[in-house]
Amino acid sequence: MKTVLVTGAAGFIGSHVAESLLARGDAVVGLDNCNDYYPVQYKRENLQLLSSSPRFSFVEGDLCDRALVEKTFARGGVTHVAHLAARAGVRPSIEDPFIYQEANVQGTLTLLEAARKAGVANSVVTSSSSVYGNSTRIPFREDDSATDRPISPYAATKKATEVLSHSYHSLYGLKINVVRPFTVYGPRGRPDMAPWLFIEAALSGKVIRKFGDGTTRRDYTFIDDFAAGFVNAIDREIGFEIFNLGNSATVSLNEALETVSAVTGKKLNIEQLPAQPGDVELTNADVSKARKLLGYDPKTSFRDGMRLFHDWFVKHRA
Ligand SMILES: NC(=O)c1ccc[n+]([C@@H]2O[C@H](COP(=O)([O-])OP(=O)(O)OC[C@H]3O[C@@H](n4cnc5c(N)ncnc54)[C@H](O)[C@@H]3O)[C@@H](O)[C@H]2O)c1
C-alpha cells in the first residue's frame, strides 16, 4: 500500500486521482488551500466525497507554507507524491501573473524540497499542454523545443515546474514523472473551462461567447482516461521523464459546439467575438511515449465524454 500526498486534492483532477488511489487501497493525504478561483463549495463537495474513505486525510493549507508541507510529509508517512495543486488557466494568468508564480513555481519548489527531505519513492508533477504554445510540430511531442518559448505566464510557470523537477532529479536522484495534461474535462470539471461553460450555457439558454472563427482545435481528454494514466505514472518509478497525457484526437471549436448542442438537445445562443490574446491555435498530443512507458490508453471519444459530463451536470449542477 502506498501513502500518496495528493496536492490539489479538493480540485477537479486531484479529487479524481485521489478517488482512484483510495479505490484500489492506497492511503491518501490531501493538501489544498481551497482557494476561491471557483466556488469553494465545489471543492468542499469533492472533499466530502473523498472523506467517505477511512484512508483519506486532509490538510487545509498553502503549498508555499514550508513548515506545513514538511510536517505533512513527516506526519502522514508519505511514500509517493501526486502534485496537482496549481493556479490553472491561461487567461487569468495574464491578468494576475504574480499569484501564478507563487502557487505554481514557489509552491512546486516547496514541495520538491520537502519530498527530497522525506525521501519519497516516486513523484508525479503536473505541467500543462500549454507549454507547447503555438508549436508547428504536430502532433506535439515531449522533446519539442518550442516548450522553451512559452506564450503566457501560466505556461511559463508550468515550464518552470518541469525544469525545477529536473534539477531535483539531477541533484538528489528524486524520481519524477512530469505529465502534460491536454484539456481534461468530465464530471466535477472546472467551471472556468469550455466544456463546463458550453454545457451550462446550453442548458440555461445563456449566451456562449465564441472566440475566433471556430477553427481552433483542442485535444480534449476525458477525466477517467487521464486519471488512469496519472495513477500509472505514480506506479512507474522510471527516473525523470515527461509525458503527454492527451486523447490524441482533436476537435474544432465548431465541432465542440455542435456536440454540445447534440448532447443537450438545445439550440445554442452564440455570440461571435475576436480571438483572445494568449490562446493557441491547436493542441494535439502524441501519446506514444505514455502508451509505451505508462501503459496509457485513452479510450473515450469527445461525444461519449461530453454525454457523461452532461449527465453528471444535469444531476449535480443544473
Ligand atoms: N484541467 C485541465 O484541463 C488541465 C490542463 C493542463 C494542466 N492542468 C493542471 O492540472 C492540475 C489540476 O488542475 P484542475 O483542472 O484540477 O484545477 P483545479 O483548480 O480544480 O485544482 C487545483 C487545486 O489546487 C489548489 N491550489 C491552488 N493553489 C494552491 C496552493 N498555493 N496551495 C494549496 N493548494 C492550492 C486549488 O484550491 C485547487 O483545488 C493543475 O496543476 C493544472 O495546472 C489541468
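## Overall build

Of the 318 residues of the protein, 55% count as buried, and this figure, like the others in this report, is computed from a predicted model. The fold contains eleven helices and 13 strands. With a radius of gyration of 19 Å, close to the 20 Å that the globule rule gives for 318 residues, the protein is as compact as a globular protein of that length.

Taken along the principal axes, the box filled by the C-alpha atoms is roughly 55 × 45 × 35 Å. Among the contacts in the protein with a separation of 6 or more, 85% are accounted for by residues 24 or more positions apart.

## Packing of helix α1 with helix α2

Helix α1, which spans residues 12–23, and helix α2, which spans residues 40–50, have axes that come within 10 Å and cross at roughly 5°. Because angles under 35 degrees count as roughly parallel, this crossing makes α1 roughly parallel to α2.

On the α1 side the contact is made by Phe12, Ser15, Ala18, Glu19 and Leu22, and on the α2 side by Asn46, Leu49 and Leu50. By residue class, the contact of α1 with α2 divides into five nonpolar, two polar and one charged.

## Cysteines

A search of the whole structure for disulfides finds zero. Cysteine 34 is in no disulfide, and the nearest cysteine sulfur, that of cysteine 64, is 15 Å away. Cysteine 64 is likewise in no disulfide, the nearest cysteine sulfur to it being that of cysteine 34, at 15 Å.

## Backbone features in the loops

Cysteine 34 lies in the loop between β2 (27–32) and α2, where this residue has a positive phi of about 50° although it is not a glycine. A positive phi in a residue other than glycine is also found at arginine 188, with a value near 65°. Arginine 188 lies in the loop between β7 (184–185) and α7 (194–204), and this arginine is buried, with a relative accessible area of 12%.

A cis peptide bond runs from isoleucine 138 to proline 139, with omega near -10°. Proline 139 is found in the loop between β5 (122–126) and α6 (153–172).

Terms used:
Residues are numbered from 1 along each chain as its sequence is written. This is a predicted model: local features need pLDDT of at least 70, side-chain atom pairs count only at pLDDT 80 or more; totals for chains, interfaces and linings use all residues. Side-chain values use heavy atoms; hydrogens and water are left out. A disulfide is a pair of cysteine sulfur atoms within 2.5 Å. Axes are lines fitted to C-alpha atoms, for helices over the stretch in contact, and angles run from 0 to 180 degrees between N-to-C directions. Helices (H or I, at least four residues) and strands (E, at least two) are DSSP runs, numbered from the N terminus. Angles under 35 degrees count as roughly parallel, over 145 as roughly antiparallel, 65 to 115 as roughly perpendicular and the rest as oblique. Contact means heavy atoms within 4.5 Å. Ala, Val, Leu, Ile, Met, Phe, Trp, Tyr, Cys and Pro count as nonpolar, Asp, Glu, Lys and Arg as charged, and the others, Gly among them, as polar. The radius of gyration is taken over C-alpha atoms; the globule rule is 2.2 Å times the number of residues to the power 0.38. Buried means under 20% relative accessible area, exposed over 50%, partly exposed in between (1.4 Å probe, protein chains only).
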